[in-house]
Amino acid sequence: MQKQKIQIWDLPIRLFHWLLVITIALSYLTIEIGGIWADWHARLGALALGLIVFRVLWGFFGNKQARFSQFFPTPSRLIQYFKGQWQGLGHSPLGALAVFALLGLTGVVVITGLFANDDITLFGPLYPLIDQSLSDWMTGVHAIAFNALLTVIGLHLLAIFFYWLVKKNNLIKPMLTGKKYLEIHHHTDQTKAEAKPVYFFISIALTLLVVWLTFGNVLTDLLATKPVPQAPSSQSQW
Amino acid sequence: MTKLSLLLTSVVLLNAGLSHAGPIEDQIKYRQSAYSFIGWNTNKIKAQLDKPETFSKEEVIAAANAIAAAANSGLGALYGSGTDQGEGWRKTRLKSEFFQKPDEAKKLATTFNLEANEFAKVAETGDPVQIKVKFGKLTQSCKACHDSFREKDPK
Ligand code: HEM
């Protein structure tokens with residue numbers, strides 16, 4: 001059977017993937033160490049927010065293999081997969097379940113993080129929009145969702161090792177190079193896989209807008225009901 | 001017999017009322033107030049470190065001294081047994097583990113006291129760089145205790 005090198009992951013997907021890996025690892029590290037590193041946890045949060053927003057947009061407007069509709073794990077696709085009949089490029093239906101779980105949980109972690117507080121020095125950028133008890137609740141959800149995320153990451157890694165060792169299928173390399181040798185007997189249409197560049201720039205622009213609205217204090221300034229903490233003034237004479 | 005136990009109970013209750021740390025609800029209230037006050041001062045310092053143009057040596061020293069004073073006030077007295085349940089200004093977030101691991105509790109509490117006093121000394125220098133590093137140590141000591149002995153979410 002003839003094999004051909006085919007591009008299965010585009011550059012934005014690969015960049016997203018590895019940047020997210022790094023961001024999650026460093027977020028964990030910085031919050032565990034705490035102290036002066038707590039600030040970095042929030043900064044990394046801005047990066048994580050940007051990554052997630054971009055990935056969601058790219059899931060609608062991106063290249064073919066990035067689009068959610070292409071790999072949404074519908075029951076019929078899953079059944080096909082378990083019968084061993086699924087053929088295609090990109091995420092398998094089971095892999096797609098993992099993708100949605102990972103994206104969803106990271107989304108919950110990031111969004112709750114925006115409202116979280118540690119009562120010490122770390123306050124999410126949207127903390128001023130809600131009251132303390134809701135923020136405390138968000139903080140609890142933030143921690144729980146993170147633990148769930150770690151669990152799914154663990155499963156994700158196990159599956160990759162399983163593919164590697166048992167199925168002799170290295171999934172890591174394509175995520176680095178984007179390319180994979182495949183037998184070219186499936187019917188997957190290779191044409192029209194590329195999104196127009198303008199969609200990429202629109203996605204980037206919207207992503208930056210969202211990050212600016214949250215981390216640039218724009219939303220809090222517009223919507224805050226309680227005063228945003230101010231540096232102390234030496235106005236008070238006593 | 002019942003009269004005797006009634007008498008004993010009232011004596012015990014009266015004693016509790018008169019002792020320094022008071023009944024459970026009072027201890028929790030003082031405790032929450034103390035940490036709120038500490039938190040206020042911590043955030044004043046943080047705000048100034050984040051915005052160097054607002055940095056004021058005197059205000060940082062005042063806040064640092066306030067934290068050290070609270071640390072030195074004997075907060076341990078507000079951790080009487082039974083204070084892992086109940087309501088002060090709000091439901092307490094003290095974990096029951098606090099009483100099961102007294103050694104760890106003591107270590108974390110004394111580390112905080114130490115850092116608070118060290119920080120007050122460094123604040124005197126008025127040097128933002130040194131202050132920032134020491135402030136990191138201080139807030140790490142807050143976090144260590146919160147991670148071990150404070151519920152994530154209000155009970
Ligand atoms: C990829 C994104 C993120 C990851 C992986 C992440 C992870 C974590 C982890 C592991 C913790 C410790 C929870 C625990 O004690 O069990 C934590 C705490 C916290 N995170 Fe995040 N986080 C992320 C994004 C954010 C964002 C965007 C913010 C907002 C700026 C944020 C704010 C906080 C705060 C305030 C805490 C302290 C909670 C506490 O100590 O009780 N996080 N985060």
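Which side chains meet in a salt bridge of 2.7 Å, N to O? In this predicted model, the pair is A:Asp39 and B:Lys46. A:Asp39 sits in helix 2 of chain A and B:Lys46 in helix 2 of chain B, so this pair joins two chains. Side chains of opposite charge can pair when their charged atoms come close. Counted over all chains, the structure has 9 salt bridges, and 4 salt bridges turn up across the interface of chain B and chain A.

That interface is worth a look as a whole. Chain B puts 22 residues into the contact, and chain A puts in 19 residues. The size of an interface is often given as the accessible area lost when the parts come together. Here, the area buried between chain B and chain A comes to about 1700 Å², with carbon and sulfur atoms giving 60% of that. There are also 6 residue pairs in polar contact across the interface, both partners being at pLDDT 80 or more. On the chain B side, the elements that give two or more residues are helix 2 (24-50) and helix 6 (128-149) of chain B. Helix 6 of chain B supplies the largest share of that side, 8 residues.

B:Arg150 is in the segment after helix 6 of chain B. Setting aside neighbours within four places in sequence, B:Arg150 touches A:Asp118 and A:Asp119 from chain A, along with B:Arg93, B:Lys95 and B:Cys145 from chain B. The side chains of B:Arg150 and A:Asp119 are joined by a polar contact of 2.7 Å. A:Asp119 also has a salt bridge with B:Arg93, where the closest N and O atoms are 4.0 Å apart. As for B:Thr83, that residue is 67 residues from B:Arg150 in sequence, and the two are 12 Å apart in space, C-alpha to C-alpha.

Chain A also takes part in a metal site. A:His41 and A:His142 coordinate the iron atom of the ligand, each through NE2, at 2.0 to 2.1 Å. The iron site has 6 donor atoms with angles of 85 to 179° among them, and is octahedral. A:His41 belongs to helix 2 (residues 38-61) of chain A and A:His142 to helix 6 (residues 132-165) of chain A, so the two histidines tie together parts that lie 101 residues apart in sequence.

How values were computed:
Residues numbered from 1 in each chain as written. Chains lettered and ligands numbered in written order. Predicted model: local features only at pLDDT ≥ 70, side-chain atom pairs only at ≥ 80, totals over all residues. Heavy atoms only, no water. Contact = heavy atoms within 4.5 Å. Buried area = accessible area lost by both parts, 1.4 Å probe. Polar contact = N/O pair within 3.5 Å; in protein donor to acceptor, adjacent residues only side chain to side chain. Helix = DSSP H or I, 4+ residues; strand = E, 2+ residues; numbered from the N terminus. Donors = N, O, S within 2.8 Å, 3.2 Å for Na, K, Ca; no water. Tetrahedral: all angles 85-135°; square planar, octahedral: opposite > 155°, others 65-115°.
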